[in-house]
Amino acid sequence: MIKFLDLKKINDHYQTIFEEKFHRFIETGQYILGPEVKHFEKNYAGYCQTKYCIGTGNGLDAIRLIFEAYKLMGKLQAGDEVLVPANTYIASILGILHAGLIPVLVEPKLTTYNLDPAHLIEKITTKTKAILAVHLYGLISDWDELKKIAQQNRLLLIEDAAQAHGANWKGKKTGNLGDAAAFSFYPTKNLGALGDAGAVTTNSTALAKLINVLRNYGQKEKYDSQYIGINSRLDEIQAAFLTVKLNDLDKNNLKRMEHAQLYHDKIDNPKISKPELWTDGRHVYHQYVIRTKQREALREYLMKNGVQTLIHYPTPPHRQAALKNYTDGHFPVTDKISREILSLPIHEKLTQEEIGYIIEKINRF
Ligand SMILES: *Cc1c(COP(=O)(O)O)cnc(C)c1O
(Lines give C-alpha, C1' and ligand atoms only; values in the text may rest on other atoms or scores of the structure.)
Protein backbone atom coordinates (compact mmCIF):
# COMPACT_ATOMS: atom_id res chain seq x y z
CA MET A 1 0.00 0.00 0.00
CA ILE A 2 1.15 3.57 -0.64
CA LYS A 3 0.68 5.29 2.70
CA PHE A 4 -0.44 8.90 2.77
CA LEU A 5 2.50 9.78 4.98
CA ASP A 6 5.22 7.42 6.17
CA LEU A 7 6.69 9.09 9.25
CA LYS A 8 8.68 6.03 10.24
CA LYS A 9 10.40 5.95 6.84
CA ILE A 10 11.11 9.68 7.08
CA ASN A 11 12.61 9.52 10.57
CA ASP A 12 14.40 6.15 10.18
CA HIS A 13 16.76 8.05 7.92
CA TYR A 14 18.03 9.96 10.99
CA GLN A 15 18.18 7.10 13.49
CA THR A 16 21.96 7.09 14.07
CA ILE A 17 22.29 10.82 14.45
CA PHE A 18 19.17 11.01 16.65
CA GLU A 19 20.73 8.37 18.92
CA GLU A 20 23.94 10.40 19.15
CA LYS A 21 21.92 13.51 19.96
CA PHE A 22 20.01 11.59 22.62
CA HIS A 23 23.22 10.35 24.27
CA ARG A 24 24.63 13.85 24.38
CA PHE A 25 21.33 15.11 25.80
CA ILE A 26 21.47 12.52 28.61
CA GLU A 27 25.07 13.53 29.31
CA THR A 28 24.27 17.24 29.72
CA GLY A 29 21.45 16.58 32.21
CA GLN A 30 19.69 19.75 31.01
CA TYR A 31 16.17 18.88 30.01
CA ILE A 32 14.32 22.20 29.86
CA LEU A 33 15.37 25.36 27.96
CA GLY A 34 18.94 24.13 27.65
CA PRO A 35 21.60 24.56 24.97
CA GLU A 36 19.72 22.65 22.24
CA VAL A 37 16.71 24.99 22.43
CA LYS A 38 18.99 28.04 22.20
CA HIS A 39 20.85 26.46 19.32
CA PHE A 40 17.70 25.63 17.38
CA GLU A 41 16.21 29.07 17.99
CA LYS A 42 19.35 30.67 16.59
CA ASN A 43 19.42 28.34 13.59
CA TYR A 44 15.75 28.70 12.78
CA ALA A 45 15.85 32.50 13.04
CA GLY A 46 18.85 32.37 10.70
CA TYR A 47 16.95 30.12 8.32
CA CYS A 48 13.93 32.44 8.26
CA GLN A 49 16.21 35.51 8.15
CA THR A 50 14.42 36.96 11.20
CA LYS A 51 16.01 38.58 14.22
CA TYR A 52 14.29 36.24 16.67
CA CYS A 53 12.91 32.76 17.08
CA ILE A 54 11.31 31.66 20.33
CA GLY A 55 10.57 27.95 20.77
CA THR A 56 7.16 26.97 22.12
CA GLY A 57 5.46 23.73 23.12
CA ASN A 58 3.35 23.57 19.93
CA GLY A 59 1.88 25.63 17.11
CA LEU A 60 -1.37 26.47 18.85
CA ASP A 61 0.51 28.12 21.73
CA ALA A 62 2.75 29.95 19.27
CA ILE A 63 -0.36 31.62 17.78
CA ARG A 64 -1.84 32.30 21.21
CA LEU A 65 1.40 33.77 22.58
CA ILE A 66 1.76 36.21 19.69
CA PHE A 67 -1.71 37.60 20.42
CA GLU A 68 -1.20 37.61 24.22
CA ALA A 69 2.05 39.54 23.79
CA TYR A 70 0.43 42.14 21.52
CA LYS A 71 -2.23 42.63 24.20
CA LEU A 72 0.45 43.29 26.82
CA MET A 73 2.10 45.74 24.41
CA GLY A 74 -1.22 47.60 24.14
CA LYS A 75 -1.57 46.86 20.42
CA LEU A 76 -4.57 44.59 20.95
CA GLN A 77 -7.39 44.51 23.48
CA ALA A 78 -9.76 41.79 24.65
CA GLY A 79 -12.64 41.58 22.18
CA ASP A 80 -10.72 42.86 19.17
CA GLU A 81 -11.48 41.08 15.92
CA VAL A 82 -8.97 38.97 14.01
CA LEU A 83 -9.63 37.98 10.40
CA VAL A 84 -8.82 34.35 9.66
CA PRO A 85 -9.62 32.03 6.72
CA ALA A 86 -12.81 30.02 7.23
CA ASN A 87 -11.28 26.80 5.84
CA THR A 88 -8.19 26.70 8.07
CA TYR A 89 -7.28 24.04 10.58
CA ILE A 90 -9.15 24.64 13.84
CA ALA A 91 -5.93 25.54 15.73
CA SER A 92 -5.64 28.91 13.93
CA ILE A 93 -9.03 29.89 15.33
CA LEU A 94 -8.48 28.42 18.79
CA GLY A 95 -5.23 30.37 19.14
CA ILE A 96 -7.19 33.61 18.62
CA LEU A 97 -9.92 32.58 21.08
CA HIS A 98 -7.51 31.47 23.82
CA ALA A 99 -6.00 34.96 23.71
CA GLY A 100 -9.41 36.52 24.38
CA LEU A 101 -9.86 37.86 20.84
CA ILE A 102 -12.71 37.32 18.40
CA PRO A 103 -12.07 35.28 15.24
CA VAL A 104 -13.89 36.56 12.16
CA LEU A 105 -14.00 33.90 9.47
CA VAL A 106 -13.30 34.94 5.88
CA GLU A 107 -14.06 32.92 2.77
CA PRO A 108 -11.06 31.62 0.80
CA LYS A 109 -10.53 31.65 -2.95
CA LEU A 110 -11.46 28.37 -4.57
CA THR A 111 -8.31 28.48 -6.72
CA THR A 112 -5.79 29.02 -3.90
CA TYR A 113 -7.65 27.67 -0.83
CA ASN A 114 -6.22 30.83 0.77
CA LEU A 115 -7.73 34.12 2.03
CA ASP A 116 -9.66 36.02 -0.62
CA PRO A 117 -8.61 39.70 -0.40
CA ALA A 118 -12.01 40.84 -1.75
CA HIS A 119 -13.86 38.99 1.01
CA LEU A 120 -11.30 40.12 3.55
CA ILE A 121 -12.04 43.79 2.91
CA GLU A 122 -15.78 43.17 3.32
CA LYS A 123 -15.23 41.83 6.84
CA ILE A 124 -13.18 44.75 8.16
CA THR A 125 -14.96 46.73 10.91
CA THR A 126 -13.81 49.32 13.45
CA LYS A 127 -13.05 46.40 15.77
CA THR A 128 -10.76 44.60 13.32
CA LYS A 129 -7.17 44.79 14.52
CA ALA A 130 -5.31 41.89 12.92
CA ILE A 131 -5.18 39.35 10.11
CA LEU A 132 -4.04 35.81 10.80
CA ALA A 133 -2.96 34.76 7.31
CA VAL A 134 -2.64 30.99 7.06
CA HIS A 135 -0.35 29.62 4.33
CA LEU A 136 -2.71 26.70 3.99
CA TYR A 137 -1.33 23.51 2.37
CA GLY A 138 2.06 25.28 2.07
CA LEU A 139 1.10 28.16 -0.26
CA ILE A 140 1.81 31.85 0.32
CA SER A 141 -0.94 33.57 -1.63
CA ASP A 142 -1.59 37.22 -2.58
CA TRP A 143 0.95 38.46 -0.05
CA ASP A 144 1.45 41.91 -1.58
CA GLU A 145 -2.31 42.34 -1.55
CA LEU A 146 -2.67 41.23 2.09
CA LYS A 147 0.16 43.51 3.14
CA LYS A 148 -1.46 46.46 1.41
CA ILE A 149 -4.81 45.81 3.08
CA ALA A 150 -3.10 45.44 6.47
CA GLN A 151 -1.19 48.70 6.04
CA GLN A 152 -4.16 50.69 4.76
CA ASN A 153 -6.32 49.53 7.66
CA ARG A 154 -3.59 49.55 10.34
CA LEU A 155 -3.96 45.86 11.03
CA LEU A 156 -1.33 43.55 12.44
CA LEU A 157 -0.41 40.95 9.84
CA ILE A 158 0.44 37.63 11.44
CA GLU A 159 1.43 34.45 9.66
CA ASP A 160 0.16 31.02 10.60
CA ALA A 161 3.08 29.32 8.88
CA ALA A 162 2.46 25.89 10.44
CA GLN A 163 2.17 24.33 6.97
CA ALA A 164 4.73 26.41 5.08
CA HIS A 165 8.23 26.08 6.56
CA GLY A 166 10.72 27.26 3.96
CA ALA A 167 8.27 28.73 1.45
CA ASN A 168 9.25 32.17 0.16
CA TRP A 169 7.54 35.17 -1.37
CA LYS A 170 9.88 36.94 -3.80
CA GLY A 171 12.87 35.59 -1.90
CA LYS A 172 11.60 36.36 1.59
CA LYS A 173 10.89 33.31 3.74
CA THR A 174 7.76 32.56 5.73
CA GLY A 175 8.32 33.70 9.28
CA ASN A 176 9.66 36.99 7.94
CA LEU A 177 6.70 38.23 5.90
CA GLY A 178 4.53 39.94 8.51
CA ASP A 179 4.72 41.29 12.06
CA ALA A 180 5.18 37.83 13.56
CA ALA A 181 4.74 34.21 12.57
CA ALA A 182 3.68 31.01 14.29
CA PHE A 183 5.16 27.64 13.34
CA SER A 184 4.23 24.12 14.36
CA PHE A 185 6.71 21.25 14.23
CA TYR A 186 4.05 18.60 14.77
CA PRO A 187 5.46 15.35 13.32
CA THR A 188 3.47 15.52 10.06
CA LYS A 189 4.58 19.05 9.09
CA ASN A 190 7.25 19.77 6.45
CA LEU A 191 9.67 20.28 9.35
CA GLY A 192 8.42 17.80 11.94
CA ALA A 193 9.71 16.85 15.40
CA LEU A 194 9.19 13.46 17.06
CA GLY A 195 6.59 14.94 19.36
CA ASP A 196 4.94 18.32 19.92
CA ALA A 197 6.93 21.48 19.20
CA GLY A 198 6.42 24.99 17.85
CA ALA A 199 8.00 28.43 17.50
CA VAL A 200 7.36 32.12 16.96
CA THR A 201 9.56 34.17 14.64
CA THR A 202 9.61 37.98 14.51
CA ASN A 203 11.84 40.99 13.98
CA SER A 204 10.30 42.86 16.91
CA THR A 205 12.55 42.97 19.96
CA ALA A 206 9.67 43.92 22.28
CA LEU A 207 7.48 41.07 21.05
CA ALA A 208 10.29 38.50 21.21
CA LYS A 209 11.20 39.48 24.76
CA LEU A 210 7.60 39.19 25.92
CA ILE A 211 6.99 35.81 24.31
CA ASN A 212 10.24 34.52 25.73
CA VAL A 213 8.87 35.31 29.19
CA LEU A 214 5.21 34.42 28.57
CA ARG A 215 6.04 30.86 27.46
CA ASN A 216 7.66 30.30 30.86
CA TYR A 217 4.95 31.37 33.36
CA GLY A 218 5.60 35.03 32.63
CA GLN A 219 8.77 34.79 34.74
CA LYS A 220 11.49 37.31 33.96
CA GLU A 221 13.36 36.06 36.98
CA LYS A 222 12.91 32.55 38.30
CA TYR A 223 9.95 32.25 40.72
CA ASP A 224 8.82 35.82 40.03
CA SER A 225 6.05 36.13 37.45
CA GLN A 226 5.65 39.51 35.87
CA TYR A 227 2.76 38.41 33.63
CA ILE A 228 0.05 35.75 33.60
CA GLY A 229 2.06 33.44 31.41
CA ILE A 230 1.66 29.82 30.42
CA ASN A 231 3.90 26.77 30.31
CA SER A 232 4.74 26.25 26.65
CA ARG A 233 8.44 25.65 26.19
CA LEU A 234 10.08 23.95 23.24
CA ASP A 235 11.32 20.59 24.53
CA GLU A 236 15.11 20.19 24.65
CA ILE A 237 15.29 16.83 22.89
CA GLN A 238 12.82 17.93 20.19
CA ALA A 239 14.97 20.99 19.57
CA ALA A 240 17.98 18.69 19.11
CA PHE A 241 16.09 16.55 16.56
CA LEU A 242 14.77 19.63 14.75
CA THR A 243 18.28 21.06 14.36
CA VAL A 244 19.24 17.89 12.52
CA LYS A 245 16.16 17.87 10.30
CA LEU A 246 16.36 21.58 9.46
CA ASN A 247 19.43 20.80 7.33
CA ASP A 248 17.24 18.79 4.95
CA LEU A 249 14.20 21.07 4.84
CA ASP A 250 15.02 22.77 1.53
CA LYS A 251 15.91 19.47 -0.12
CA ASN A 252 12.70 17.86 1.10
CA ASN A 253 10.58 20.81 0.00
CA LEU A 254 12.14 20.52 -3.46
CA LYS A 255 11.15 16.84 -3.56
CA ARG A 256 7.58 17.83 -2.72
CA MET A 257 7.65 20.40 -5.55
CA GLU A 258 8.91 17.72 -7.96
CA HIS A 259 6.05 15.46 -6.94
CA ALA A 260 3.58 18.33 -7.40
CA GLN A 261 5.02 18.96 -10.86
CA LEU A 262 4.46 15.30 -11.80
CA TYR A 263 0.87 15.37 -10.55
CA HIS A 264 0.31 18.65 -12.36
CA ASP A 265 1.77 17.50 -15.69
CA LYS A 266 0.30 14.02 -15.78
CA ILE A 267 -3.07 13.99 -14.04
CA ASP A 268 -5.42 14.29 -16.95
CA ASN A 269 -8.94 13.41 -15.90
CA PRO A 270 -11.76 15.86 -16.61
CA LYS A 271 -13.42 14.89 -13.32
CA ILE A 272 -10.47 16.28 -11.35
CA SER A 273 -9.51 19.93 -10.65
CA LYS A 274 -5.82 20.36 -9.87
CA PRO A 275 -4.33 23.15 -7.77
CA GLU A 276 -2.18 25.72 -9.52
CA LEU A 277 1.48 24.72 -9.91
CA TRP A 278 4.03 27.04 -8.33
CA THR A 279 7.72 26.31 -8.76
CA ASP A 280 9.05 29.71 -7.63
CA GLY A 281 9.14 28.61 -3.98
CA ARG A 282 5.93 30.23 -2.82
CA HIS A 283 4.40 26.76 -2.44
CA VAL A 284 6.10 23.99 -0.45
CA TYR A 285 3.23 21.52 -1.00
CA HIS A 286 2.60 20.51 2.58
CA GLN A 287 -0.47 19.04 0.91
CA TYR A 288 -1.35 18.48 -2.75
CA VAL A 289 -5.09 19.01 -2.75
CA ILE A 290 -7.28 18.16 -5.73
CA ARG A 291 -11.03 18.68 -6.04
CA THR A 292 -13.73 16.47 -7.50
CA LYS A 293 -17.51 16.24 -7.26
CA GLN A 294 -17.04 12.49 -6.83
CA ARG A 295 -14.69 12.72 -3.88
CA GLU A 296 -16.00 9.75 -1.85
CA ALA A 297 -16.00 7.47 -4.89
CA LEU A 298 -12.48 8.51 -5.85
CA ARG A 299 -11.22 8.03 -2.33
CA GLU A 300 -12.70 4.54 -2.09
CA TYR A 301 -11.42 3.59 -5.54
CA LEU A 302 -7.89 4.73 -4.66
CA MET A 303 -8.04 2.85 -1.36
CA LYS A 304 -9.08 -0.35 -3.20
CA ASN A 305 -6.06 0.22 -5.44
CA GLY A 306 -3.73 0.58 -2.48
CA VAL A 307 -3.43 4.38 -2.32
CA GLN A 308 -4.20 6.10 0.96
CA THR A 309 -5.56 9.66 0.78
CA LEU A 310 -6.80 12.12 3.41
CA ILE A 311 -9.19 15.07 3.64
CA HIS A 312 -7.92 18.38 5.08
CA TYR A 313 -10.47 19.04 6.48
CA PRO A 314 -13.74 17.13 6.36
CA THR A 315 -15.75 19.43 8.70
CA PRO A 316 -15.11 23.17 8.31
CA PRO A 317 -14.62 25.10 11.58
CA HIS A 318 -17.93 26.96 11.23
CA ARG A 319 -19.75 23.61 11.36
CA GLN A 320 -17.99 22.43 14.51
CA ALA A 321 -19.90 22.69 17.80
CA ALA A 322 -17.02 24.41 19.60
CA LEU A 323 -17.39 27.49 17.39
CA LYS A 324 -21.18 27.75 17.29
CA ASN A 325 -21.13 31.17 18.97
CA TYR A 326 -18.54 32.64 16.62
CA THR A 327 -19.93 32.33 13.12
CA ASP A 328 -22.97 33.39 11.16
CA GLY A 329 -22.73 30.05 9.41
CA HIS A 330 -22.87 31.10 5.75
CA PHE A 331 -19.65 30.04 4.00
CA PRO A 332 -20.56 28.51 0.63
CA VAL A 333 -16.99 28.47 -0.76
CA THR A 334 -15.65 26.82 2.39
CA ASP A 335 -18.50 24.28 2.34
CA LYS A 336 -17.84 23.47 -1.31
CA ILE A 337 -14.13 23.03 -0.62
CA SER A 338 -14.71 20.70 2.31
CA ARG A 339 -17.09 18.56 0.20
CA GLU A 340 -14.76 18.25 -2.80
CA ILE A 341 -11.15 18.23 -1.61
CA LEU A 342 -8.83 15.25 -1.45
CA SER A 343 -5.16 15.31 -0.39
CA LEU A 344 -2.84 13.00 -2.34
CA PRO A 345 0.38 11.50 -0.91
CA ILE A 346 3.25 13.98 -1.48
CA HIS A 347 5.92 13.37 1.19
CA GLU A 348 9.62 13.35 0.33
CA LYS A 349 10.11 9.59 0.60
CA LEU A 350 7.64 8.76 -2.18
CA THR A 351 9.31 7.39 -5.31
CA GLN A 352 8.64 8.49 -8.89
CA GLU A 353 7.23 5.00 -9.51
CA GLU A 354 4.75 5.40 -6.68
CA ILE A 355 3.69 8.83 -7.95
CA GLY A 356 3.39 7.38 -11.46
CA TYR A 357 1.16 4.60 -10.13
CA ILE A 358 -1.10 7.08 -8.30
CA ILE A 359 -1.40 9.23 -11.44
CA GLU A 360 -2.24 6.20 -13.62
CA LYS A 361 -4.98 5.13 -11.21
CA ILE A 362 -6.45 8.63 -11.01
CA ASN A 363 -6.52 8.96 -14.78
CA ARG A 364 -8.40 5.66 -15.07
CA PHE A 365 -11.03 6.71 -12.54
C1 LIG B 1 -0.70 22.11 12.69
C2 LIG B 1 -1.31 23.44 12.62
C3 LIG B 1 -1.44 24.27 13.72
C4 LIG B 1 -1.23 23.82 15.14
O5 LIG B 1 -0.06 23.21 15.44
P6 LIG B 1 0.07 22.25 16.71
O7 LIG B 1 1.54 22.12 16.85
O8 LIG B 1 -0.61 20.97 16.38
O9 LIG B 1 -0.55 22.94 17.87
C10 LIG B 1 -1.91 25.55 13.54
N11 LIG B 1 -2.26 26.00 12.33
C12 LIG B 1 -2.18 25.22 11.23
C13 LIG B 1 -2.57 25.79 9.91
C14 LIG B 1 -1.71 23.92 11.34
O15 LIG B 1 -1.65 23.15 10.24
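**Ground rules**

I number residues from 1 along each chain as its sequence is written, and side-chain values use heavy atoms, with hydrogens and water left out. As the model is predicted, local features need pLDDT of at least 70 and side-chain atom pairs count only at pLDDT 80 or more, while totals for chains, interfaces and linings use all residues.

**Entry 1: pockets**

I began with empty space. Rolling a probe the size of a water molecule over the atoms shows where such space is left. My search used a 1 Å grid over the protein atoms alone: a cavity is a set of points where a 1.4 Å probe fits but cannot get out, and a pocket is an open set with protein on both sides within 12 Å along at least five of seven lines. Lining residues have an atom within 4 Å of a point. Points are joined across faces, edges and corners, and a volume is the space filled by probe spheres set on them.

The largest pocket holds about 560 Å³ of space. I found 30 residues in its lining, with Y89, Y186, T188, K189 and Y313 nearest the centre. The elements giving two or more residues to this lining are α4 (59–72), α5 (90–98) and β8 (180–184). Here helices (H or I, at least four residues) and strands (E, at least two) are DSSP runs, numbered from the N terminus.

Next I sorted the lining by class: 15 residues are nonpolar, 11 polar and four charged. Ala, Val, Leu, Ile, Met, Phe, Trp, Tyr, Cys and Pro count as nonpolar, Asp, Glu, Lys and Arg as charged, and the others, Gly among them, as polar.

The second largest pocket has about 180 Å³ of space. Its lining includes L33, K38, E41 and R215. Helix α3 gives the most to this lining, with three residues. By class I noted three nonpolar, four polar and four charged residues.

**Entry 2: nonpolar cores**

A nonpolar core is a set of buried Ala, Val, Leu, Ile, Met, Phe, Trp, Tyr and Cys residues joined through side-chain atoms within 4.5 Å. Buried means under 20% relative accessible area, exposed over 50%, and partly exposed in between (1.4 Å probe, protein chains only).

The largest core has 83 residues, and F67, I131 and Y263 have the most contacts inside it. Helix α4 gives the most to this core, with seven residues. I then looked up F67, counting a contact as heavy atoms within 4.5 Å. Beyond its neighbours within four places in sequence, F67 is in contact with residues including L76, V82, I96 and I158. Another core, of 20 residues, lies apart, and A45 and L246 are among them.

**Entry 3: cysteines**

Which cysteine sulfur is closest to that of C48? It belongs to C53, and at 6.9 Å it is too far for a bond. A disulfide is a pair of cysteine sulfur atoms within 2.5 Å, and I counted zero of them. C48 is buried at 1% relative accessible area, and C53 is buried at 8%.

**Entry 4: cavities**

I counted six cavities of 30 Å³ or more. The largest has about 90 Å³ of space, with 13 lining residues, of which T112, Y113, L139, P275 and H283 lie nearest its centre.

The second largest cavity has about 70 Å³. Which helix gives the most to its lining? I found α12, with three residues.
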